[in-house]
Amino acid sequence: MPASKPDHWNDGIRPGASYMHIGIQSALTVVVFTGGGILADGWLDTSPWLTLVGALIGVIGLFSILLRAAQTLGNPPSNKPPSA
């Protein structure tokens, strides 16, 4: 017997929607910091040191993003206000 399909395509996406930003955010973190290092190296003529520092900061940021996502994986955000 085939698995039941959701009534609407949105119902199939909803459970993972809060995690869809992780891929883009991860890639942009590494690209922005590495790109900043490349630009700083070109400006200060320190190649490749600032590129390496920027890439390292980007990778640390990537691990931070993934760690936060892993911590909230089992606890999706709720729309309830916090209790006092």
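The dialogue below takes up a nonpolar patch and a pair of helices.

Guide: This is a predicted model, where local features need pLDDT of at least 70, side-chain atom pairs count only at pLDDT 80 or more, and totals for chains, interfaces and linings use all residues. Residues are numbered from 1 along each chain as its sequence is written, and side-chain values use heavy atoms, with hydrogens and water left out.

Visitor: Which residues make the nonpolar surface patch?

Guide: Patch residues have over 30% relative accessible area and no salt bridge, and nonpolar side chains (Val, Leu, Ile, Met, Phe, Trp, Tyr) are joined within 5 Å. Here Ile24, Leu28, Val32, Phe33, Val53 and Ile57 make a patch of about 550 Å².

Visitor: Which helix gives the most to the nonpolar patch?

Guide: Helices are DSSP runs (H or I, at least four residues), numbered from the N terminus. H2 gives the most, with 4 residues; H2 (21–44) and H3 (49–71) each supply at least two.

Visitor: Is Phe33 buried, partly exposed or exposed?

Guide: Buried means under 20% relative accessible area, exposed over 50%, and partly exposed in between (1.4 Å probe, protein chains only). Phe33, in helix H2, has 40% and is therefore partly exposed. Leu52, in helix H3, is also partly exposed because its value is 49%.

Visitor: At what angle do the axes of H2 and H3 cross?

Guide: Axes are lines fitted to C-alpha atoms, for helices over the stretch in contact, and angles run from 0 to 180 degrees between N-to-C directions. The axes of H2 and H3 come within 7 Å and cross at roughly 165 degrees. That makes the two helices roughly antiparallel, a term for angles over 145 degrees.

Technical notes
Patch = residues over 30% accessible without salt bridge, like charges linked within 9 Å, V, L, I, M, F, W, Y side chains within 5 Å. Areas by Shrake-Rupley, 256 points an atom, 1.4 Å probe, with all protein chains shown as cover. Salt bridge = Lys/Arg side-chain N within 4 Å of Asp/Glu carboxyl O. Parallel < 35°, antiparallel > 145°, perpendicular 65-115°, else oblique.
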